[in-house]
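Please look over the sequence and the structure shown here. The briefing below then goes through selected features by topic.

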Amino acid sequence: VDVDITDKLAVQFEYAYRFFSLDEDYQLGLLSADHSTHQLDFNLMANFTPPDAGLHVYAVAGPGMYHRNVAITRYEGAGYICDPYLYICGTYPVQTILAERGGWDFGVNFGGGVGFRFEGVEFYIETRYHYVWGPEIGNEGSLPGGIPVTPQKANSSYWPLTFGFRF
């Protein structure tokens, strides 16, 4: 949701969902990982072109809250499932969750984009850098063989390319 303050400045409240997946070969029994993010942010948008121009160039930045969930799984085999209510019958992969972690954390984003306006609709392409501060995870100690282990920060960053329509 965008609200114009002036011709050159607007505020934006935004929700975004992103899902990233890494699937390895099931035949080899390797690991897979899924990462999903729910993002709620409040941004300032600076418009660099006149409001009536067909080309809309802008910058965007602001704070937000991010719910990140990461799951690491291992393929265990296949199972036969038949559900008469959903009309589903077949063989499906069975996985074991080896590790899972998630939670809400504070973050910031900044970037820019370009929009192409026509007939009250804008097609836009933008990119933003997101940085999310996370908790400290892990325990102090050592692995077998005396290798030291120290807690690590669960900070993350990503830089997606987004495109879509604004009405």
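## Briefing on the predicted model

Tyr-92 is partly exposed, with a relative accessible area of 32%, where buried means under 20% relative accessible area, exposed means over 50%, and partly exposed lies in between (1.4 Å probe, protein chains only). This is a predicted model, in which local features need pLDDT of at least 70 and side-chain atom pairs count only at pLDDT 80 or more, while totals for chains, interfaces and linings use all residues. Residues are numbered from 1 along each chain as its sequence is written, and side-chain values use heavy atoms, with hydrogens and water left out.

**Selected residues in strands**

- Tyr-92 is found in strand E5, where helices (H or I, at least four residues) and strands (E, at least two) are DSSP runs numbered from the N terminus.
- Leaving aside neighbours within four places in sequence, Tyr-92 is in contact (heavy atoms within 4.5 Å) with Gly-77, Ala-78, Gly-79 and Ile-81; the C-alpha atoms of Tyr-92 and Ile-81 are separated by 7.1 Å, although the two residues are 11 residues apart along the chain.
- Gly-111 also lies in strand E5 and is partly exposed, at a relative accessible area of 23%.
- Apart from neighbours within four places in sequence, Gly-111 is in contact with Ala-59, Val-60, Thr-127 and Arg-128, whereas from Gly-111 to Phe-163, 52 residues apart in sequence, the C-alpha to C-alpha separation is 13 Å.
- Phe-19 belongs to strand E2 (residues 9-22) and is partly exposed, with a relative accessible area of 47%.

**Aromatic rings and a charge over a ring**

- Rings of Phe, Tyr and Trp (its six-membered ring) pair if their centres lie within 6.5 Å, and planes under 30 degrees apart count as stacked, over 60 as edge-to-face and the rest as tilted; by this rule the count comes to 6 aromatic pairs.
- Tyr-131 and Trp-133 form an edge-to-face pair, at 5.0 Å centre to centre and with 75 degrees between the planes.
- Tyr-131 counts as partly exposed at 24% relative accessibility, and Trp-133 counts as partly exposed at 41%.
- Together with Phe-106, the residues Tyr-131 and Trp-133 form one aromatic cluster.
- The charged end of Arg-166 sits over the ring of Tyr-124, 4.0 Å from the ring centre, a label that requires NZ of Lys or CZ of Arg to be within 6 Å of the ring centre and within 35 degrees of the ring normal.

**Nonpolar core**

- The largest nonpolar core has 5 residues in all, namely Ala-10, Met-45, Tyr-58, Val-60 and Tyr-124; such a core is a set of buried Ala, Val, Leu, Ile, Met, Phe, Trp, Tyr and Cys residues joined through side-chain atoms within 4.5 Å.
- Not counting residues up to four places away in sequence, Met-45 touches several residues, among them Ala-10, Tyr-58, Val-60 and Arg-166.

**Pocket and cavity**

- The largest pocket has a volume of about 380 Å³, and its lining is made up of 18 residues, of which Asp-4, Asn-47, His-56, Arg-117 and Glu-122 lie nearest its centre.
- The elements that give two or more residues to this lining are strand E1 (2-4), strand E3 (31-47), strand E5 (88-118) and strand E6 (121-132).
- On a 1 Å grid over the protein atoms alone, a pocket is an open set of points with protein on both sides within 12 Å along at least five of seven lines, a cavity is a set of points where a 1.4 Å probe fits but cannot get out, and lining residues have an atom within 4 Å of a point.
- Grid points are joined across faces, edges and corners, and a volume is the space filled by probe spheres set on the points.
- The structure holds 1 cavity of 30 Å³ or more, and the largest cavity has a volume of about 40 Å³.

**Positive phi values**

- Tyr-87 has a phi near 55 degrees, a positive value in a residue other than glycine, and is exposed, with a relative accessible area of 78%.
- Glu-119, in the loop between E5 and E6, has a positive phi near 50 degrees and counts as exposed at 80% relative accessibility.
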